[in-house]
Amino acid sequence: MVNNPLKKLWKGSCTVICKVKKQDPITKRTEFVEETVYTDEPCRLSYQTLTPTTDKNGVAEVVQMPKLFLSNKINIPPGSKIIVTQNGRTIEFSNSGEPAIYSNHQEIVLELFKGWA
């Protein structure tokens, strides 16, 4: 097993929650419920500031793109809720698409969680 030197930079942790179909044993109704898939996974949250390209009411808008770095051994389905705790702050995100998978890690572009679709 190859030691991952990037893990030394991972000072945060994340919990991954998905919506899954469950059938109520009494009513037999199928409902979507939250299910925690991963808990306290080591990670690092980073922000990239994008060049302002839009103009809102005469003011340039600065946009930040949060990116999560974590092990490439775990599978996070698109649309999952990802709760990241780092530097004493906890923020809820959702992943905006497929991760970029590398030999030692994966990178996932995030957006603030606004609710389940």
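This is a predicted model: local features need pLDDT of at least 70, side-chain atom pairs count only at pLDDT 80 or more; totals for chains, interfaces and linings use all residues.

Trainee: Why is E107 called buried?

Mentor: Its relative accessibility is 16%, and buried means under 20%. The value falls under that cut-off, so E107 counts as buried.

Trainee: What makes the pair E107 and K67 a polar contact?

Mentor: Their side chains are joined at 3.5 Å, and the limit is a pair of N or O atoms within 3.5 Å. So the pair E107 and K67 qualifies as a polar contact.

Trainee: Let's move to the second largest pocket. Which residues line it?

Mentor: Y47, Q64, P66, R89, I91, F93, L110, E111 and L112 line that pocket, and its volume is about 160 Å³. Strands β5 (63-70), β7 (89-95) and β9 (106-112) each supply at least two residues of the lining.

Trainee: How many residues of each class does that lining have?

Mentor: The lining has six nonpolar, one polar and two charged residues. Arg and Glu count as charged, so R89 and E111 go in the charged class.

Trainee: And how do you know which element has the highest confidence and which the lowest?

Mentor: Go by mean pLDDT: strand β6 (residues 81-86) has the highest, 96, and strand β3 (residues 55-56) the lowest, 63. The protein averages 86, and 87% of the residues score at least 70.

Terms used:
Residues are numbered from 1 along each chain as its sequence is written. Side-chain values use heavy atoms; hydrogens and water are left out. On a 1 Å grid over the protein atoms alone, a cavity is a set of points where a 1.4 Å probe fits but cannot get out, and a pocket is an open set with protein on both sides within 12 Å along at least five of seven lines; lining residues have an atom within 4 Å of a point. Grid points are joined across faces, edges and corners, and a volume is the space filled by probe spheres set on the points. Helices (H or I, at least four residues) and strands (E, at least two) are DSSP runs, numbered from the N terminus. pLDDT is the predictor's confidence in each residue, from 0 to 100. Buried means under 20% relative accessible area, exposed over 50%, partly exposed in between (1.4 Å probe, protein chains only). A polar contact is a pair of N or O atoms within 3.5 Å; within protein, one must be able to donate a hydrogen and the other to accept it, and residues adjacent in sequence count only if both atoms are side-chain atoms.
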